[in-house]
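These notes are meant to be read beside the coordinates. Please keep the sequence at hand while going through the points.

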Amino acid sequence: MAVREILIIGDPILTRRSEPVDAVTEDIVRLARDMVETVHAAPGIGLAAPQVGLNKRVIVVDLSVGEDPDALHVLINPEIVAKEGEAICEEGCLSVPDIKEKVARPYRVVVRGLDLEGQAVEIEGEDLLARAFCHEIDHLDGILFVEKLSALKRTLIKKKFKKSAAAAKSP
Ligand code: NI
């Protein structure tokens, strides 16, 4: 397993729609395991494959950040099949470091996908878990949480990261 580099807002891979996974191959299992290691190392509570440079529909969510094996959800081709209610809460993203903003999400969701054995799974999540699933599945559709903010906030955040990317490139 390996910790992979997390892409930052401004990278075109983050705004592309990811491809469904046809078969849970060794490569996909390796990717998922690396994503688990990467999100724990960050540390964070969720990660989507495009954030490590692959436009494949794979997500990892672990509200316990590695403390509780039962809290780890690795899902391939995840889909929200039911949602209910609404909650507004501060949200962040490993690809948008140091930014936290209030975002409205469903309070409860039911997510379907495949596990690493290729078996169909269905998970019900409330509150922060529902939020994490929605956030990570958005990543697979090329949507960062900043797209949910006001145009002004979004513009300011994008500008900030454009500047820091330019600063990183200059000698
Ligand atoms: Ni994110």
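1. Arg105 touches Gly85, Glu86, Ala87, Glu91, Arg131, Cys134, His135, Asp138, Phe145 and Lys148, leaving aside residues up to four places away in sequence. Contact here means heavy atoms within 4.5 Å. This is a predicted model: local features need pLDDT of at least 70, side-chain atom pairs count only at pLDDT 80 or more, and totals for chains, interfaces and linings use all residues. Residues are numbered from 1 along each chain as its sequence is written, and side-chain values use heavy atoms, with hydrogens and water left out.

2. Arg105 is found in strand E5; helices (H or I, at least four residues) and strands (E, at least two) are DSSP runs, numbered from the N terminus. With a relative accessible area of 4%, Arg105 is buried. The cut-offs are under 20% relative accessible area for buried, over 50% for exposed and partly exposed in between, with a 1.4 Å probe and protein chains only.

3. One of the residues touched by Arg105 is His135.

4. On the overall fold, the protein chain has three helices and seven strands, in the order α-β-β-β-β-β-β-β-α-α from the N terminus. Of contacts between residues at least 6 apart in sequence, 63% join residues at least 24 apart.

5. Which radius of gyration does the protein chain have? The value is 16 Å, which agrees with the figure near 16 Å for a compact globule of 171 residues. The radius is taken over C-alpha atoms, and the globule rule is 2.2 Å times the number of residues to the power 0.38. Along the principal axes, the C-alpha atoms fill a box of roughly 45 × 40 × 30 Å. Of the 171 residues, 44% count as buried.
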